[in-house]
Amino acid sequence: MGDVTVAGLPRYDPDAVADAGERAVVVGASVAGLLAARVLADGYDEVTVLDSDDLPDEPVTRGGVPQGHHPHALLAGGRATVEDLLPGTSEDVIAGGGVITDFAGEVRFYAEGAYLAPGPTRRETVSASRPLFEHVVREHATAHDRVTVRPNTQCIEYRLDPTGTAVGGLLVRADGDARELDADLVVDATGRASRTPQWLDANGFAAPPVDEVTIDVAYSTTTVERPHDDRRTFLLPASAPRSRGGMAAPVDGDRWVVNVHGVHGETPPTDRAGFAAFADTLPTPDVKRILDEHAWADDVHAYRFPANRRNRYEALDRFPETLVVVGDAVASFNPVYAQGMSVAALEALALHHVLAAGTHALGPRLFDRVSPVVDIAWSLAVGSDFGYPETDGPKPRGTGLVDWYLGRLLRRAHTDGRLTDAFVRVLSMTDAPSTLFAPGIARRVLAPSIRGPPRTADRVGDHREDRRSSS
């Protein structure tokens with residue numbers, strides 16, 4: 001596993017970047033694209049962010065973000081980085097109704113048959129809707145006088161410069177007209193729909209090798225009304241052999257976002273009665289109780305995530321100058337662990353550091369630096385997914401041993417808050433996965449068990465799973 005986290009990357013230094021060029025163009029006003037734009041504004045006279053969607057002045061779900069209705073969180077590692085790049089972002093998310101939750105005391109995380117014990121140290125996470133996160137990040141990024149956003153503008157294709165070795169601009173469509181837009185750097189932040197691999201293949205460059213690990217996650221999500229001071233959070237991610245999961249988290253608008261999900265053929269319903277019945281099959285009653293005891297505030301929205309996908313740009317021997325790829329366009333993972341925005345933030349920080357060292361071979365140098373960042377989220381998501389025999393794809397080396405160890409750690413964490421804390425710090429990308437194998441943690445994990453049987457509530461949860469499996 002890679003060891004590049006907040007603890008392993010140097011801090012952002014706004015004075016480290018020299019003049020890099022006149023114009024950088026970022027394709028995609030995603031969180032990843034906006035954070036990249038802010039970093040580029042330190043070195044380029046003008047940074048233009050293009051997006052094919054309309055970008056309203058208020059936080060609303062937009063068509064170009066199909067997962068916009070579904071749960072998002074800014075984990076500790078991502079939050080620290082975003083605050084360095086865009087100071088005041090977390091404060092404005094909270095002012096907009098977002099909620100700070102304590103992962104140690106207010107978040108109940110269910111794994112290996114029971115909830116993890118509360119950790120000894122407060123671990124803050126910002127919980128809010130995706131539209132609010134993106135709206136606040138966009139406001140902060142565009143407050144920089146070098147950054148502008150052009151909505152309703154589609155990138156048709158990149159345009160090579162006369163040497164054929166670098167991208168010199170783009171062909172874009174806006175208001176029905178196609179036009180060329182010159183650029184000294186182009187950044188692809190278009191997510192899983194990225195067409196950069198196809199463009200490379202069609203223009204004399206090799207497309208990157210692709211790792212794809214199937215998991216077939218099916219999401220259904222709604223929101224329900226929440227008492228203003230109730231910050232309870234329940235996370236019950238699907239984890240082998242259990243193929244169903246769910247969660248409830250406080251978000252803006254005094255709501256809980258409530259999600260149920262299944263993997264490998266378990267598809268949750270999108271009608272309210274079916275949604276609630278699915279929630280009733282989860283191993284604890286907490287998510288169903290929230291649905292029963294509070295008014296529903298929205299319809300049920302569906303989303304499907306067929307596979308973890310990673311474009312191995314770092315493996316390419318030849319890549320165009322002045323082109324960079326970030327965010328989900330590089331790698332997207334099982335969204336259950338909500339690491340996407342934090343990975344995007346760490347990638348933006350990596351972009352800052354490679355830009356500070358100059359613009360030559362910017363893409364390859366960035367891909368080399370980003371690869372260990374992606375390794376962390378990829379290993380956690382894909383390693384867990386391989387607990388299911390139906391999962392198909394390249395399995396990271398050592399997955400079986402790491403999963404055995406992590407399972408033992410989580411079972412011990414039912415009664416050991418120190419282990420909960422260690423796990424949460426890795427999950428939130430504050431610490432590297434290697435810290436879970438540190439001597440002090442390993443002793444607690446591997447010591448002979450003197451614990452009694454699982455708590456009664458956990459046996460009730462197991463009975464619920466058995467009842468569902470036999471029906």
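This is a predicted model: local features need pLDDT of at least 70, side-chain atom pairs count only at pLDDT 80 or more; totals for chains, interfaces and linings use all residues.
Reader: Which residues form the negative surface patch?
Author: Patch residues have over 30% relative accessible area and no salt bridge; like charges are joined within 9 Å, nonpolar side chains (Val, Leu, Ile, Met, Phe, Trp, Tyr) within 5 Å. A salt bridge puts a side-chain nitrogen of Lys or Arg within 4 Å of a carboxyl oxygen of Asp or Glu. Here the negative patch consists of Asp 54, Asp 57, Glu 58, Glu 91, Asp 92 and Glu 139.

Reader: Why does Glu 58 count as partly exposed?
Author: Buried means under 20% relative accessible area, exposed over 50%, partly exposed in between (1.4 Å probe, protein chains only). Glu 58 has 43% relative accessibility, so it counts as partly exposed. Glu 58 sits in the loop between strand 2 (44-50) and strand 3 (73-74).

Reader: Which residues form the nonpolar patch?
Author: Leu 401, Trp 404 and Leu 446, with about 340 Å² of accessible area together. Leu 446 belongs to helix 12 (residues 439-446). Helices (H or I, at least four residues) and strands (E, at least two) are DSSP runs, numbered from the N terminus.

Reader: What is the strand order in the open sheet?
Author: Strands pair if DSSP finds at least two bridges between them. This open sheet of three strands runs 3-7-4, with antiparallel pairing. Strand 3 and strand 4 (99-102) are the edges, each pairing on one side only. Four bridges join strand 4 to strand 7 (residues 124-127). Val 99 stands opposite Ser 127 in strand 7.

Notes:
Residues are numbered from 1 along each chain as its sequence is written. Side-chain values use heavy atoms; hydrogens and water are left out. Accessible areas come from the Shrake-Rupley method with a 1.4 Å probe; for residues, only the protein chains shown count as cover. Lys and Arg count as positive and Asp and Glu as negative; His and the chain ends are not counted. The place of a charge is taken as NZ of Lys, CZ of Arg, CG of Asp or CD of Glu.
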